[in-house]
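Me: Hi! I've got a protein to look at and I'm new to this. Could you walk me through it?

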Amino acid sequence: MICYKKNFFSIQKYNIFMLKDEIQFSNDQHSLVIQLNSFEPKIKWIKNDNSDIISFEFCINKKKSSYKFATHIGKLLKEFMNGKVCFQGINSHYKIAQFIQKRNYGSIVRMRSIQNEELVTCKIIKQGRAEFEQEFRNEVVALQFLKHKNIPKLREYYIETHHNYIIYEFIEGASLDNYIKKNILNKDQIYKIMKDLLSVVQYLHQEGFSHQNIKLENIYYCTMLDQITLIDFGQQKSNNFINLRQVQSLNSLSTKDFTDLTSFTSREFSIEKDYLDCGLIFFQLITRKILTNQDLLTSDQKRKFHQLVYEINNQNVSKFIMKLFNYSNLQCQGKLNFVQDIDELIYKRRN
């Protein structure tokens, strides 16, 4: 594939090579390398009147360069870069179709592609606060690494003037906090939700991640598919940056940014926190009593909660929830497998 760069009074021809970790634009005199899974440079796609991509513009060290190509090449390049290179100019590609949730950092919306009307889900993050910027980068890095059916697939990510955007493939259903306000889940649905949740948490821990923010509003449930999607990885922690080295996003950061991000994602890594959150989710789904971690800060609050758990009329369920809450005390006694435990609960319910 070839492209052209206009340089003052001349036009230079470049060959394009799409490789595993980078894209190369090169000729006999010059070479440009764009690292994949990165935050720099930011790519802005230019379209013609038919909405076909005919060139892209990027800025490095405040210097802008533009490369032009045939429309079929533009389509291939963008598809190859999606989710791997930071973009700009989101308004040329998407329009907001529906507001889903207001969050502290911004909002979650559904967007529609201007090109083909396809719906996607988007997380809009406000700029201006360091923790929001860290959470944006933190989530992008995690989703570039993690691949699981119950984790949203990263489509694209944008850094604009006032907001950052994370585009996911369309997430079906509604958040569980909203769903249970209008619907009653039966026991089979609850057990299936918990099995899927524990399966994805187990996968995270095997990959060296802990989610750290598992709650009803971060779990989307689709009744038709009987499937959950765990979202919002902005607060995730990782204890394995050796594996994350393959994500080139980290290499594109300044030394300070890299230090901040590694500190942000590795501090307070806690598998125990994820399982405690899962236990709280199970309790809320079974009892329809809404609680948060803030309701369990003091010893007295914890004691009252434990009493509520023991009052659940299914002894097997109450024991399982307490097992999730006592993970730190149980792990030293041997390997735990909560997915297997939930399978046993399902078996006992059906027999």
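Reply: Happy to! Keep in mind that this is a predicted model.

Me: Where is Asp226 in the fold?

Reply: Asp226 sits in the loop between E16 and E17. Those two strands make a hairpin with four residues between them. Phi of Asp226 is near 50°, a positive value, and Asp226 is not a glycine.

Me: How many bridges join E16 to E17?

Reply: Four bridges, and the strands run antiparallel. Strand E16 covers residues 219-222, and E17 covers 227-230. Cys222 has Gln227 in E17 as its bridge partner, while Tyr221 stands opposite Ile228 in E17.

Me: Which sheet do they belong to?

Reply: They are part of an open sheet of three strands, in the order E14-E16-E17, with antiparallel pairing. The edge strands are E14 (174-175) and E17, each of which pairs on one side only.

Me: What comes between E17 and E18?

Reply: A loop, and Asp232 is found there. E18 itself spans 237-238.

Me: Is Asp232 buried or exposed?

Reply: Asp232 is buried, because its relative accessible area is 5%, which is under the 20% cut-off.

Me: What is Asp232 in contact with?

Reply: Leaving aside neighbours within four places in sequence, Asp232 is in contact with Arg103, Tyr105, Lys123, Glu139, His211, Asn213 and Asn218. With Lys123 there is a polar contact, side chain to side chain, at 2.8 Å. For a sense of how the chain folds back, take Phe136: it is 96 residues from Asp232 along the chain, yet their C-alpha atoms are separated by 9.7 Å.

Me: New topic. How many cavities of 30 Å³ or more are there?

Reply: One. Here is the general idea: rolling a probe the size of a water molecule over the atoms shows where empty space is left. The largest cavity in this model has a volume of about 40 Å³.

Me: Which residues line the largest cavity?

Reply: The lining is made of Tyr105, Ile108, Thr121, Lys123, Tyr168, Ile171, Ile231 and Asp232. By type, the lining residues divide into five nonpolar, one polar and two charged.

Me: What does Ile108 stand opposite?

Reply: Ile108 stands opposite Lys123 in E11. Strand E10 (residues 106-113) and E11 run antiparallel and are joined by seven bridges.

Me: Why is E11 described as largely enclosed?

Reply: Strand E11 (residues 119-126) has eight residues and six of them are buried, so the rest of the structure largely encloses it. As background, in a regular strand the side chains alternate between the two faces of the sheet.

Me: What about the turn between E10 and E11?

Reply: E10 and E11 form a hairpin with five residues between them. Glu117, in that turn, has a positive phi of about 70° although it is not a glycine. Glu117 is partly exposed, because its relative accessible area of 41% falls between 20% and 50%.

Me: Where is the cis peptide bond?

Reply: The cis bond joins Glu40 and Pro41, with omega at about -5°. Pro41 lies in the loop between strand E4 (31-35) and strand E5 (42-47). One of the residues in contact with Pro41 is Phe58.

Me: Tell me about Phe58, then. Which strand is it in?

Reply: Phe58 is in strand E6 (residues 53-60). Phe58 counts as buried because its relative accessibility is 4%. Ile43 is 15 residues from Phe58 in sequence, and the two are 4.8 Å apart in space, C-alpha to C-alpha. Other contacts of Phe58 include Leu32, Lys63 and Tyr67.

Me: Last one: what caps the N-terminal end of H9?

Reply: Asn314 does, with a side-chain oxygen 3.0 Å from the backbone nitrogen of Asn316. Helix H9 covers residues 315-325, and its buried residues are Val317, Ser318, Phe320, Ile321, Met322, Leu324 and Phe325. In general, an α-helix has 3.6 residues a turn, so residues three or four places apart point the same way.

Notes: Residues are numbered from 1 along each chain as its sequence is written. This is a predicted model: local features need pLDDT of at least 70, side-chain atom pairs count only at pLDDT 80 or more; totals for chains, interfaces and linings use all residues. Side-chain values use heavy atoms; hydrogens and water are left out. On a 1 Å grid over the protein atoms alone, a cavity is a set of points where a 1.4 Å probe fits but cannot get out, and a pocket is an open set with protein on both sides within 12 Å along at least five of seven lines; lining residues have an atom within 4 Å of a point. Grid points are joined across faces, edges and corners, and a volume is the space filled by probe spheres set on the points. Ala, Val, Leu, Ile, Met, Phe, Trp, Tyr, Cys and Pro count as nonpolar, Asp, Glu, Lys and Arg as charged, and the others, Gly among them, as polar. Buried means under 20% relative accessible area, exposed over 50%, partly exposed in between (1.4 Å probe, protein chains only). A polar contact is a pair of N or O atoms within 3.5 Å; within protein, one must be able to donate a hydrogen and the other to accept it, and residues adjacent in sequence count only if both atoms are side-chain atoms. Contact means heavy atoms within 4.5 Å. Two strands pair if DSSP finds at least two bridges between them.
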